[in-house]
Amino acid sequence: MALFMIERQFADRLQLTSDAVRQIKDINSEIGVSWLFSFLSADQKKTYCLYEASNPDAIREQAKVLGIPADVIVEVSKIGPDMFAKSA
C-alpha cells in the first residue's frame, strides 16, 4: 500500500462525532483505504490526512461516498530524523 497525504478544505469548522468516525471507518474498510491520522488547522476548516491506499482513485472514491472534499492528493514517503541517526 502507498501513503497519501490528502488536503481537505471545509466550508465550516470541522466537528467530528463518534458516529461520523464510525461511518468513515466503515466506508474506508469497504473501499480498502486506511486512515492513519490527520492534522487539523487552527481555524478547524482544513485537514491534512495521511492514508494508506492502493492508488489515489481509492481516496477519491472514499471522499465521494462520504461527501467530503479531497482537494489535493499527493503520494508521499516517510522520512524522519531517526532515519539519519548514526549508529554508536
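**Exercise 1. The buried side of helix α1**

Which residues of α1 are buried?

*Solution.* The structure is a predicted model, in which local features need pLDDT of at least 70 and side-chain atom pairs count only at pLDDT 80 or more, while totals for chains, interfaces and linings use all residues. Residues are numbered from 1 along each chain as its sequence is written, and side-chain values use heavy atoms, with hydrogens and water left out.

Step 1. Helices (H or I, at least four residues) and strands (E, at least two) are DSSP runs, numbered from the N terminus. A residue is buried under 20% relative accessible area, exposed over 50%, and partly exposed in between (1.4 Å probe, protein chains only).

Step 2. Apply them to α1. The buried residues are Ile-24, Ile-27, Asn-28 and Ile-31. Seen down the helix axis, the buried residues of α1 fall within an arc of 105°, so they line one face; the arc is that of the directions from the helix axis to the C-beta atoms. An α-helix has 3.6 residues a turn, so residues three or four places apart point the same way.

Step 3. Inspect the face turned away from the buried side. Ser-18, Asp-19, Lys-25, Ser-29 and Glu-30 are exposed there.

Step 4. Identify the packing partners. The buried residues of α1 pack against β2 (34-40), β3 (46-53) and α2 (56-66), where contact means heavy atoms within 4.5 Å.

Step 5. Beyond residues up to four places away in sequence, Asn-28 touches Val-33, Trp-35, Tyr-51 and Gln-62.

**Exercise 2. The length of α1**

*Solution.* Step 1. The expected span of a helix is 1.5 Å times one less than its number of residues.

Step 1. Helix α1 (residues 18-31) has 14 residues and should therefore span 20 Å; its end C-alpha atoms are 20 Å apart, in agreement.

**Exercise 3. Helix α2 and its cover**

*Solution.* Step 1. Ala-58, Ile-59, Gln-62, Ala-63 and Leu-66 are buried in α2. Their arc around the axis is only 135°, which puts them on the same side of α2.

Step 1. Asp-57 and Lys-64, on the other side of α2, are exposed.

Step 2. The cover over the buried residues of α2 includes β1 (2-9), α1, β3 and β4 (72-76).

**Exercise 4. The largest pocket**

*Solution.* Step 1. On a 1 Å grid over the protein atoms alone, a pocket is an open set of points where a 1.4 Å probe fits, with protein on both sides within 12 Å along at least five of seven lines; lining residues have an atom within 4 Å of a point.

Step 1. The largest pocket holds about 250 Å³ of space, the volume being that filled by probe spheres set on the points, with grid points joined across faces, edges and corners.

Step 2. The lining comprises 15 residues, and Leu-14, Leu-16, Ile-24, Trp-35 and Thr-47 lie nearest the centre. The elements giving two or more residues to this lining are α1, β2 and β3; β2 gives the most, with 4 residues.

Step 3. By class, the lining has 11 nonpolar, 3 polar and 1 charged residues. Ala, Val, Leu, Ile, Met, Phe, Trp, Tyr, Cys and Pro count as nonpolar, Asp, Glu, Lys and Arg as charged, and the others, Gly among them, as polar.
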